[in-house]
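Have the sequence and the 3D view ready.

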Amino acid sequence: MTRAFLQPNDLHGLVAEQFGSDRRLAALDRLTGGSKKGVYRLRLNDRTAVVLYVWAAGENYWPPSPTVPDDPFTDASGADLFAANHAALTAAGVRVPHLMMLDRDGRYLDADIALVEDAGALRLEALLERDPATAAAPLSALGDALRRMHTTFGPHYGKLAVIAGGEASQARRTEDVIVDRALGHLDAAAPRDARLADAHHRITAHVRNLRSAVIAREEYGLVHGELGPDHVLVTPAGEAVMIDFEGLTYFDVEWDHAWLQMRFGDSYSALRPVDLDPHRLELYRYAQTLSLIEGPLRIADTDFPNRKWMLDLAEWNITKALAAA
């Protein structure tokens with residue numbers, strides 16, 4: 001598809017109405033890293049800045065994914081999810097960008113949009129790499145936030161907005177949803193890689209064996225879904241600000257910790273995690289490995305600008321999946 005990203009002229013009405021006639025747009029930067037929504041930094045003539053989120057088809061690089069009907073992590077994007085999840089995280093005492101304006105009526109653009117605080121460009125990932133000592137305080141604050149999330153319990157699993165609408169299916173156990181999700185990713189990825197095709201039965205048996213060790217549980221905490229140090233901004237004041245939380249759900253907290261262990265590596269222990277079920281954690285860790293094969297291979301078939309990075313990510317996880325099965 002032909003992608004037409006925002007230009008300064010597209011935002012004159014928005015800037016004038018939201019900030020007044022004495023403030024003008026001095027520069028517009030489209031920020032890299034987003035693949036489901038557009039993220040833009042608006043620099044104003046008084047040297048302040050805000051961030052604009054844009055949920056538009058032209059900003060979303062992801063083609064349709066293998067779907068499991070009750071998988072709460074499918075299609076985790078959109079202004080409705082953003083609004084519900086922003087409110088839930090704020091209520092749980094989690095630092096997120098301050099919401100300045102949300103428009104789902106097309107007043108300014110032919111898309112849903114949100115204006116949020118500009119929390120800066122420094123990501124915790126970069127700070128951990130270059131200055132671990134300075135990163136210690138925001139890393140600890142993130143651990144505090146995660147414990148608040150993971151001890152905010154609900155009786156149902158699913159996307160918050162879907163639960164609120166009474167539409168979240170509870171017909172199956174969460175671990176069975178994840179098994180179907182994992183095997184769907186395997187089925188979609190195997191035709192693209194002969195090694196996965198050859199190992200299909202072995203990987204399937206491994207997933208089902210991991211599932212057999214998991215004991216039933218019906219208590220669900222708030223989970224981000226894919227929280228890495230690249231999804232945490234560090235403000236000039238040293239605050240840890242969580243972003244990209246449209247995937248927030250009530251679910252098993254082990255789903256978050258499988259991802260956190262992978263993404264934070266040696267820094268994970270500093271998050272001081274809550275108690276976890278090791279069997280559930282192992283199943284979810286392997287399911288995420290399969291997801292990190294199928295998803296990157298799928299987006300690599302599109303015009304996503306960093307195709308090689310996605311293929312390298314898939315290759316790394318193919319090696320992991322084959323070694324563990």
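The dialogue below moves from the whole chain to single residues.

Q: What kind of model is this, and how are residues numbered?

A: This is a predicted model: local features need pLDDT of at least 70, side-chain atom pairs count only at pLDDT 80 or more, and totals for chains, interfaces and linings use all residues. Residues are numbered from 1 along each chain as its sequence is written, and side-chain values use heavy atoms, with hydrogens and water left out.

Q: How many helices and strands does the protein chain have?

A: Helices (H or I, at least four residues) and strands (E, at least two) are DSSP runs, numbered from the N terminus. Here the protein chain has 11 helices and 11 strands.

Q: What does the radius of gyration say about the protein chain?

A: It is taken over C-alpha atoms, and the globule rule is 2.2 Å times the number of residues to the power 0.38. For 325 residues, a compact globule would come near 20 Å; the protein chain has 20 Å, so the two agree. Its C-alpha atoms fill a box of roughly 65 × 45 × 40 Å along the principal axes.

Q: How much of the protein chain is buried?

A: Buried means under 20% relative accessible area, exposed over 50%, and partly exposed in between (1.4 Å probe, protein chains only). Of the 325 residues, 49% count as buried.

Q: Which residues of helix α1 are buried?

A: First, the general idea. An α-helix has 3.6 residues a turn, so residues three or four places apart point the same way. Now the case: in α1 (residues 12–19), Leu14, Val15 and Phe19 are buried. Seen down the axis of α1, the buried residues fall within an arc of 95° (from the directions from the helix axis to the C-beta atoms), so they line one face of the helix.

Q: What covers the buried residues of α1?

A: The cover includes β1 (25–30), β2 (38–44), β3 (49–55), β4 (99–103) and β5 (112–117). Just after α1, Gly20 takes a positive phi of about 95°.

Q: Is His86 buried or exposed?

A: His86 sits in helix α2 (residues 79–91). Its relative accessibility is 10%, so His86 counts as buried. Contact means heavy atoms within 4.5 Å. Not counting residues up to four places away in sequence, His86 touches Val96, Pro97, His98, Leu99 and Phe245.

Q: Where is Arg195, and what is it in contact with?

A: Arg195 lies in helix α7 (residues 194–198). At 33% relative accessibility, Arg195 counts as partly exposed. Leaving aside neighbours within four places in sequence, Arg195 contacts Glu315, Ile318 and Leu322.
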